[in-house]
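Colleague: I am new to this structure and would be grateful for a close look at its surface and at the charged pairs of its side chains. Could you take me through them in one connected account?

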Amino acid sequence: GSRQSSCAAGRPPPAMAHEEEKRPSDPLGEKLITLIRRQKTASDEYTALLTKKDGLKENTRMAIKNLEAAVVQSKRAGYFKYHEPTEEVDRIERGALLSKKLKEIQDLQAEIDEVNAAIKARHEAELVARPKELGSLKEFFAEYGRPDPVMFEPLRTEFHAHAKVYGGSTHYSSFKSVAVDMKKGRVTR
């Protein structure tokens, strides 16, 4: 019943409304998402140049392995053929593809930083424009969220049993200290 009435009123059902809130409705948010996707694609291409089957990482591994074999072979008479990079590796190195791809990733990061700065400036301007009067902690937590309790761990004074054991002898048995160590903080638990 209530689900149909919200749809009939032109509003999406609750589950869909939540999904729409996740999607940015402003051009800066959409631009940010587009830039991040482009940067991920460029990063994946960069990684592929390094890690694919005939990529640079494999070429380096083969060259090192070949040089180790050449060192062993150098003690013997004869000629040793050194590792030659594949055509793909030559193409990557001649075209400086890694440098170009890295520059592309860095340029996209600069654009992302600009968009983030614009979003932050807009958000700060909105906060200044509409100061909100909060009457209780409940309203404050509803507006800004609850703090993480772990954040206050180092501020709390804590007490732990002292670990010292006073040693025994043939006449007396050993015993643990009954002292308590205190790690001082600003709040006592």
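Modeller: A patch joins residues with over 30% relative accessible area and no salt bridge, like charges within 9 Å and nonpolar side chains (Val, Leu, Ile, Met, Phe, Trp, Tyr) within 5 Å. The model is predicted, so local features need pLDDT of at least 70 and side-chain atom pairs pLDDT 80 or more, while totals for chains, interfaces and linings use all residues. Residues are numbered from 1 along each chain, and side-chain values use heavy atoms, without hydrogens and water.

Leu-137, Phe-140 and Tyr-144 make up a nonpolar surface patch of about 340 Å² accessible area together (Shrake-Rupley method, 1.4 Å probe, only the protein chains shown counting as cover). Leu-137 belongs to helix H7, residues 137-144 (a helix is a DSSP run, H or I, of at least four residues, numbered from the N terminus). Leu-137 counts as exposed because its relative accessibility is 60% (buried is under 20%, exposed over 50%, partly exposed in between, 1.4 Å probe, protein chains only).

Turning to the charged pairs, the structure contains eight salt bridges (a side-chain nitrogen of Lys or Arg within 4 Å of a carboxyl oxygen of Asp or Glu). One of them joins Glu-45 to Lys-101 at 2.4 Å, N to O. This pair ties helix H3 to helix H6 across 56 residues of chain. Glu-45 is partly exposed at 36%, whereas Lys-101 is buried at 16%.

Within helix H4, Arg-61 and Glu-58 sit three residues apart, about one turn, and their closest N and O atoms are 2.8 Å apart in a salt bridge. Shared partners, in turn, join Glu-45, Lys-101 and Glu-104 into one salt-bridge network.

Note on methods: Helix = DSSP H or I, 4+ residues; strand = E, 2+ residues; numbered from the N terminus.
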